[in-house]
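Please walk through this structure part by part.

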Amino acid sequence: MASVTIDKVQKSFGEQVVLHDIELQIADGEFVVFVGPSGCGKSTLLRLIAGLETNNAGSISIDGQIVDNIAPSKRGVSMVFQSYALYPHMTVFNNMAFGLKQAGTPRAEIKKRVSHAADVLGLTSLLKRSPRALSGGQRQRVAIGRAIVREPRVFLFDEPLSNLDAALRNQTRLEIMRLHQRLGTTMIYVTHDQIEAMTLADRIVVLKDGRIEQSGSPQTLYHEPANLFVASFIGSPTMNFFKLTDLPDLVNRHTQSLKENTIIGVRPEHLSVTPDSRKGVTGNLELTENLGEYTLAHLITEQGTHFTAKVGRNSSDASTDMTKSLSFTVDDNNVHWFDPDSGLRLR
Amino acid sequence: MNELQKKNLSNNLLTVTAWVCACLMFFPIFWMVLTSFKTELQAIAVPPKLVFKPTLENFFLIQERTSYTRYAWSSIVTSVGGTLLAMLIAIPAAYAMAFHPGRQTKGILLWMLSTKMLPAVGVLMPVYLICQKFGLLDTKIALVVIFALINLPIIMMMLFNYFREIPGEILEAARMDGATVGREVTQIVMPLSRGGIASTVLLSIVLLWNESFWSLNLTSSDAGTLVALVASFSSPEGLFWAKVSAVSTLACAPIVVLGWLTQKQLVQGLSFGAIK
């Protein structure tokens, strides 16, 4: 178990700077998820910690020891790759044992550790198979097993679930959570899937264009997004952004002075249907998506702002007539105000 | 004629063309083998005889007059030796180029391959003189070294292409697992491209078995290969067709058998990893 410190780390490939002065402190035993759109530098940051890339400036330390010049295998980190990266010509046992063999671990110890990991992951009956004869989920478990047997100080996961189908993804996600609970090891996890990020993380680090946009607990990111980007990235469906003219009633109740183009953010789940069209926001229905538990209504205001609302979650909504136009009240406690120029959250 | 009939017709035409081409290519070989079982008189008979009483006389004569086995051994040693030596150099080189490419990697590969386009006779003099100076004329060592060098570009190119098909993440996983470069090559890269390596080795052996320029110019009786043996049958007294055919058949036979046994790998090798 170990803490990880990333101190003013910079990385560029040729002319292109992919990480700008990243500073991050990851506590011992913490589960941290790097999330962001593709090309934001999240995988590069993970690979820097793994030692598969070298930073151009700054330093990375694990447990207080600077590891910039230490080989990947000597850093005490294990990585699970997106493509699993199993050795196709070796059996499951040998896949898991490869790292230990390289380190010269005695044979009895290798056997003990591999069978223990196989036991934990339910792979015992598959040890003699080759990766080709395994399903996607099983391969992923072997990849995790390979990481476990080395008993690393830090686990690194690079989008480990993106090659699995939806059902298996949920199941494997739970397994990773269980693993973290059982081992208590520091884990760093990269994904572009915000649901994975929200469910797994103790702390989420949102990256964009090689910079950290916000770092905080899933709750913080959901309730207090630092800026427009984080607000739109976290939450599904994504947050609605209104102009002041869309919500005159709300703006009138607001006491502070506001810039003309201030943006109002309201999540789809914080809009409630009301028969009174004067109170909140009214929109013309464009289309609906019925998801069983609730219905997603896609609407457009008279000012031409598109927004989405979750309808039918509570009993009062149940009888909602999904006709041409719908009005919603806005929960004052769940309104986010953003500065139009900087995109930063005002309140 | 409707579309389907048209398609069938063109398919049939293609099949016929393929057969004609194949027969054209096979005919000389067929004629060579046939002639090797004729007497000298039958061999030059006009019109040529297709039905005759076969004789093994030519083959016995060759073994009597020369030492077929010695030449064959020389062919085996030089083609296999040259291939192995080239592989020894090419595997690490192709590994470096495939997995740690620099800005010039592509250029270097192309340049290496372009040396294959130069006429070998251009360097005959210096190579001959070097061999003479070091007392390597008519030795198998000289042929092994030269064979390795002339095949190196094509072996490099093939291995480079095969190695590049290995996903980089697998090698990164090995690096995370603490594998040294040597183990990365021997325990990951080589086992994963063993099919490609086999194709490359086979193709190289075939090419070197048939190599004639350097074998003829740098060897005579001591290190002569089967190619040299065949050439020695063109004597000043004229060609003895039946004997030339017999010795050519003997020279071709081993490599044809090898090719037949390994045709799957060979086709894969010749298509440069394009099909998998």
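Across the interface of chain B and chain A, the rule finds 2 salt bridges. A salt bridge here is a side-chain nitrogen of Lys or Arg within 4 Å of a carboxyl oxygen of Asp or Glu. In one salt bridge, the side chain of Arg150(A) meets that of Asp177(B), at 3.9 Å from N to O. The model is predicted: local features need pLDDT of at least 70, side-chain atom pairs count only at pLDDT 80 or more, and totals for chains, interfaces and linings use all residues. Residues are numbered from 1 along each chain as its sequence is written, chains are lettered from A and ligands numbered from 1 in the order in which they are written, and side-chain values use heavy atoms, with hydrogens and water left out.

Polar contacts also join the chains. Between chain B and chain A the count is 9 residue pairs, both residues at pLDDT 80 or more. A polar contact is a pair of N or O atoms within 3.5 Å; within protein, one must be able to donate a hydrogen and the other to accept it, and residues adjacent in sequence count only if both atoms are side-chain atoms. On chain B, the elements that give two or more residues to the side touching chain A are α8 (168-176) and α9 (181-192). α8(B) gives the most, with 7 residues. Helices (H or I, at least four residues) and strands (E, at least two) are DSSP runs, numbered from the N terminus. By class, this side of chain B has 8 nonpolar, 2 polar and 6 charged residues. Ala, Val, Leu, Ile, Met, Phe, Trp, Tyr, Cys and Pro count as nonpolar, Asp, Glu, Lys and Arg as charged, and the others, Gly among them, as polar.

Now the extent of that interface. The contact (heavy atoms within 4.5 Å) takes 16 residues from chain B and 22 residues from chain A. The two chains bury about 1,700 Å² between them, 59% of it on carbon and sulfur atoms. Buried area is the accessible area (1.4 Å probe) that two parts lose on being put together, summed over both. In chain B, Glu169(B), Met176(B) and Asp177(B) lose the most area to chain A, together 44% of what that side buries.

Turn to chain A itself. Chain A has 10 helices and 18 strands. Its C-alpha atoms fill a box of roughly 75 × 45 × 35 Å along the principal axes. Chain A is divided into domain 1 (4-233) and domain 2 (240-338), with bounds from an automatic or database domain assignment. Their centres, taken over C-alpha atoms, are separated by 39 Å. Each domain of chain A gives 8 residues to the contact between them.

What do domain 1 and domain 2 of chain A bury between them? The value is about 680 Å², 62% of it on carbon and sulfur atoms. On the domain 1 side, Tyr222(A), Leu228(A) and Ala231(A) lose the most area to domain 2, together 68% of what that side buries. The count of salt bridges between these domains is 0. The rule does find 2 residue pairs in polar contact, both residues at pLDDT 80 or more. α7 (218-223) and α8 (228-233) of chain A each supply at least two residues of the domain 1 side. That side has 5 nonpolar, 3 polar and no charged residues.

Last, a single site. His180(A) lies in helix α5 (residues 166-183) of chain A. Is His180(A) buried or exposed? His180(A) is buried, because its relative accessible area is 12%, and buried means under 20%, exposed over 50%, partly exposed in between (1.4 Å probe, protein chains only). Beyond its neighbours within four places in sequence, His180(A) contacts Gly29(A), Glu30(A), Phe31(A), Thr185(A), Met187(A) and Asp202(A).
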